[in-house]
Amino acid sequence: MKRILLVLLTASLFAPSLARADDLKIGYIITQRLIAETKVGKKAAEELKKKMEAANDDLQKKMADVKALETDLQKRSMVLSESERKKASDQMEKELLEAKRMKEDFQRSLQKAEATVMGKVNEYLRGVIQDFGEKQGYDLILDASTL
């Protein structure tokens, strides 16, 4: 979105009809507010929230399994032989490593989903803003974060 605004800014600087500053009609938008308060933004946030909750539930289950395995190992450690204790300890480490990988995969997946969803939202909002700007006669519309 910033790229388009930069192009708009550059184009407006070289447009002959914009020679006088008092002829410029400049507006600004607050992207975060648009996302938070529009139907499109709310829908995207809800979609991301559902994905996050589903993945978080899976991660919590895995962590609970690891914790149960650890508790079981602690309870039985006195009655287990050295080889059984080593085997159980190795299993617990394997499960813990798997849980860590699951968490990392979850974070990467969530970032990718967020980028995809927010890209679509930004593309849609860009079109709406451009149409609004043309209809209202704005020469330039900037994101408030760039001001």
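Author: Let's start with Asp105, which is partly exposed, its relative accessible area being 42%. That label covers what falls between buried (under 20% relative accessible area) and exposed (over 50%), using a 1.4 Å probe and protein chains only. Before going on, a word on what you're seeing: this is a predicted model, where local features need pLDDT of at least 70 and side-chain atom pairs count only at pLDDT 80 or more, while totals for chains, interfaces and linings use all residues. Residues are numbered from 1 along each chain as its sequence is written, and side-chain values use heavy atoms, leaving out hydrogens and water.

Back to Asp105, then. Its partner is Arg108, and their salt bridge brings the closest N and O atoms to 2.5 Å apart. By salt bridge I mean a side-chain nitrogen of Lys or Arg within 4 Å of a carboxyl oxygen of Asp or Glu. Side chains of opposite charge can pair when their charged atoms come close. Arg108 is also partly exposed, at 48%. Both residues sit in helix α4, 3 residues apart, or about one turn of the helix. Helices here are DSSP runs (H or I, at least four residues), strands are runs of E (at least two), and both are numbered from the N terminus.

Now slide along to another pair in helix α4, which covers residues 82-136: Arg85 and Glu82 are 3 residues apart there, so about one helical turn separates them. Their side chains meet in a salt bridge of 3.5 Å, N to O. Glu82 is exposed, at 57% relative accessible area, and Arg85 is partly exposed, at 30%.

Helix α2 (residues 31-37) has a pair too: Glu37 and Arg33 lie in it, 4 residues apart, about one turn of the helix. The closest N and O atoms of their salt bridge are 3.2 Å apart. Glu37 counts as exposed because its relative accessibility is 51%.

Lys62, Glu95 and Glu98 are linked in a network of salt bridges. Altogether, the count comes to 9 salt bridges.
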